[in-house]
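Hi everyone, thanks for coming. Have a look at the chain on the screen, and I'll walk you through what I found in it.

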Amino acid sequence: MHVAGEDVTARAGSFLRVDVGVERSAAAAAADTTVLVVGGRPGAALPASPFEHWYAAQPAYLAGDYAQAFAIASAGLADHPGHGALDYQLACYLALGGDREAAAERLQVAFAADARTRAWAQDDPDLDGVAR
């Protein structure tokens, strides 16, 4: 795992608590590894995180049903309007589905909400043909 700029080794069966707001990522070092992430604001069960919405859309995305992926993930906008990463993912679904104009509009929302999305968009093949 990478937590707050530092690499952290988590062996099989490990649990690692990371405070809300701390940047982190995880990658498996061995095949057939499962990483379970549980998150949320302390004391609150909902709303679901923005990530959960595009994770739920992943099967539709992998099947090439980009309209369905957009429909599933866009439900997250009710709880997370203007969330840069969610809007970025929605732009990708729109672009892949052929609606490049709507994708460009959604991408501008992502750029305004999260500066990191500009870098993501530079070489993302999902956004080919979309004005950036």
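**A walk along the chain**

Let's start with strand 1, residues 2-3, which runs antiparallel to strand 2 and is joined to it by 2 bridges. Before I go on, some ground rules: residues are numbered from 1 along each chain as its sequence is written, and side-chain values use heavy atoms, with hydrogens and water left out. This is a predicted model, so local features need pLDDT of at least 70 and side-chain atom pairs count only at pLDDT 80 or more, while totals for chains, interfaces and linings use all residues.

Helices (H or I, at least four residues) and strands (E, at least two) are DSSP runs, numbered from the N terminus. Two strands pair if DSSP finds at least two bridges between them.

Back to the sheet. Histidine 2 has aspartate 7 in strand 2 as its bridge partner. In total, 3 strands make an open sheet, ordered 2-1-3, with antiparallel pairing. As a reminder, strands of a sheet pair through backbone hydrogen bonds, either parallel or antiparallel.

Alanine 4 sits in the loop between strand 1 and strand 2. Most residues other than glycine have a negative phi. Alanine 4, though, has a positive phi of about 50° and is not a glycine. Is alanine 4 buried or exposed? Buried means under 20% relative accessible area, exposed over 50%, and partly exposed in between, using a 1.4 Å probe and protein chains only. With a relative accessible area of 52%, alanine 4 is exposed.

Zooming out, the chain has 5 helices and 3 strands, and along the sequence the pattern reads β-β-β-α-α-α-α-α. The C-alpha trace spans about 45 × 35 × 25 Å along its principal axes. There are 132 residues, and 27% of them count as buried.

**How the helices pack**

Helix 1 (residues 50-62) packs against helix 2 (residues 66-73) at an angle of about 165°, with the axes 8 Å apart. Those axes are lines fitted to C-alpha atoms, for helices over the stretch in contact, and the angles run from 0 to 180 degrees between N-to-C directions. Under 35 degrees counts as roughly parallel, over 145 as roughly antiparallel, 65 to 115 as roughly perpendicular, and the rest as oblique. Helix 1 and helix 2 are therefore roughly antiparallel.

On the helix 1 side, the residues making the contact include His53, Trp54 and Tyr61, and on the helix 2 side they include Tyr66, Ile72 and Ala73. By contact I mean heavy atoms within 4.5 Å.

Take histidine 53, which is in helix 1. At a relative accessible area of 15%, histidine 53 is buried. Setting aside residues up to four places away in sequence, histidine 53 touches Ala48, Ile72, Ala73, Ala75 and Gly76.

Next pair: the axes of helix 2 and helix 3 come within 8 Å and cross at roughly 160°. That makes these two roughly antiparallel as well. Among the residues in this contact are Phe70 of helix 2 and Leu90 of helix 3.

**Into the cores**

A nonpolar core is a set of buried Ala, Val, Leu, Ile, Met, Phe, Trp, Tyr and Cys residues joined through side-chain atoms within 4.5 Å. How many residues does the largest nonpolar core have? It has 13, and those with the most contacts inside it include Tyr88, Ala103 and Val130. Helix 3 (84-96) and helix 4 (100-113) each supply at least two residues of this core. There's also a second, separate core of 9 residues, including Ala69 and Tyr93.

Alanine 103 is in helix 4 and counts as buried, at 0% relative accessibility. Leaving aside neighbours within four places in sequence, alanine 103 is in contact with Ala91, Leu94, Ala95 and Val130.

Last one: aspartate 87, in helix 3. Which residues is aspartate 87 in contact with, leaving aside neighbours within four places in sequence? They are Leu77, Gly82, Arg106, Val109 and Ala110. Aspartate 87 is buried too, with a relative accessible area of 0%.
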